[in-house]
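This report describes selected features of a structural model. The sequence and the coordinates are shown below.

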Amino acid sequence: MTTTAVRKARGEVAVRLPGAWGLGLQHGALEIKQFFRQRDQVVFTFAFPVVFLFLFASIFSDDVQGAGITASQLYVPAMMAAGIMSTSFQSLGISIAIERDEKVLRRLRGTPMPPASYFLGKIWLVLVTGLLETAILLLVGTTLYDVDLPSDVGRWFDFAWIFVLGLTACALLGIAISSVPKSGKSATSVVVLPFLVLQFISGVYIAIDTIPDWMLNIGALFPLKWMCQGLRGVFLPESAQVLEQAGSWEFGRAALVLGAWCVGGLVLCLLTFRWKNRRDG
Amino acid sequence: MTTHGYELAVDVRGLRKQYGDVTAVDGIDLGIRRGEVFGLLGPNGAGKSTTVEILQGNRGRDAGEVSVLGSDPAHGTRAWRSRVGIVWQDESAPAELTVRETVRHFARYYPRPRDPEEVMGLVGLQEQAGSRIKALSGGQRRRLDVALGVIGGPELLLLDEPTTGFDPAARRQFWQLIRKLSDEGTTILLTTHYLEEAEALADRLAVIAQGQVVAEGEPTGLRERYGTGATVEWTEQDGAPRAERTDTPTRTVAELMRRFDGEIPGLQVRRPTLEDVYLRLTGQEDAR
């Protein structure tokens, strides 16, 4: 654990305060422990995108004309992207709003805890749950819906940065939106609505080539569209590029938008994060 | 910082806080000496919690000087926070973790924490150490709150209505705990609206009403200063109860003895309790 030397207010004695990185790891371990102890939450968090994948990929399974793929194959990367967003954006947005409402945050603020360690702990939780979610969806996709794992290293590298940047951007946006609901009770509705809308206009539920352009353009302002598109590039054959709005996977642009959201999301968090409920002033 | 030869842990002068049109704290002065248990007493809405929250650094103020352990709480550093323990009025802890996991985790935030096992023993939670927090009773949760408040080995402990909702036995146990902490040298500020609690624990206390300090001193001193006179109660021949406030109760009783031949029915002479003094000071006398 790293330590910081700080001079005590009264003089002479120097106190060593525990460092944010080490505390963040410890906090992350506790967050993960708490998450997995709530069985119903675990089951529903992981089952949700899997059930949706099963429904959509089974209902729409025809060949997509001229793209060399089936509709089911399209839903696998789409649901992976939505899964990453639900474990980061949705779960953080709701859980932090509840923690704020239940004054867990206020109590932490009253200790000498460095604020960064709280966020690091959340990031560890999101990383573990996001990886698990993605692995489950990939398993279902490869066994049931004919999606092939990429064979070259370059594609796996693309997968890695899309996962990390997408997860980080969505996690930061989740932390930011947690300050919007007035209470823990309203958190779910406040967080789920924008997530649902984004899923419709980013090509998760509806195939990208059937969504009106103006909707796609709005979707393109947010991370989810680029996560979907990037993951299609990783897991679908090159022939499927014809379905894209630009006719290509646009990896460069995806990296740029996701990277920009990481920076913008961080700024948004720093500007808007509140340790207390509005009622508490 | 010293005043009258005492080193002050908390020094507040002219503190003011307004919420919209409502003045919650209206010019409060407080001086809490190192090592003492100080009681802040007052009815609901008197400004107790607002005052304590300002001392915690958890709420801003509109005017006044505040020094807590030599620092302004509005600019409290991590090092300063590590010296102040807080027990809030309404707490919640992570339901899925055990008592031991939680206490150990909070210990990590502090540069020189107390031993978690020792602290769980101190608050009487050693038997529940392995239990999930969601399985604890209300009183046990409150003791966990105190454990988390003292785990850092604070020089100053701020307790906001710590025993609200306790049954009498739990309250007595809690008092023992506060005395133990005080014996160890912790300075304690405690808000309460239980008179007996203030009387049992506080070395000195301040009564606040409508955002102002209306009386300050040792509990017995307050009673002597503000609790003059006595109340004589008896029952008239027609069965009607009577009560008379007087500075000369003996004379009143002598007169009654002349009127009643023999026993005076229902005779009682009451010196004012601290509660009477408190109700008079806070303008709630009619509640009696």
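The model is predicted. The account opens with the pairing of strand 7 of chain B with strand 8 of chain B: the two strands run parallel and are joined by 5 bridges. Strand 8 of chain B covers residues 187-192. Within this pairing, B:Asp160 stands opposite B:Thr191 of strand 8 of chain B.

Strand 7 of chain B also pairs with strand 6 of chain B, again in the parallel sense, over 4 bridges. Here B:Ile86 lies opposite B:Leu158 of strand 7 of chain B. The two pairings are set out below.

| Strand paired with strand 7 of chain B | Residues | Sense | Bridges |
|---|---|---|---|
| Strand 6 of chain B | 84-87 | parallel | 4 |
| Strand 8 of chain B | 187-192 | parallel | 5 |

Strand 7 of chain B spans residues 156-160 and is mostly covered, with 4 of its 5 residues buried. Together with helix 6 of chain B (residues 168-183) and strand 8 of chain B, strand 7 of chain B forms a right-handed β-α-β unit.

A further feature involves both chain A and chain B. Helix 1 of chain A contributes A:Leu23, A:Gln26 and A:Leu30 to the contact, while helix 3 of chain B contributes B:Glu101, B:His105 and B:Arg108.

Conventions
Residues numbered from 1 in each chain as written. Chains lettered and ligands numbered in written order. Predicted model: local features only at pLDDT ≥ 70, side-chain atom pairs only at ≥ 80, totals over all residues. Buried ≥ 20, exposed ≤ 12 C-beta atoms within 10 Å, placed from the backbone. Pairing = 2+ DSSP bridges. Right-handed = clockwise from strand over helix to strand, strands pointing away. Axes fitted to C-alpha atoms, helices over the stretch in contact; angles between N-to-C directions. Contact = placed C-beta atoms within 7 Å.
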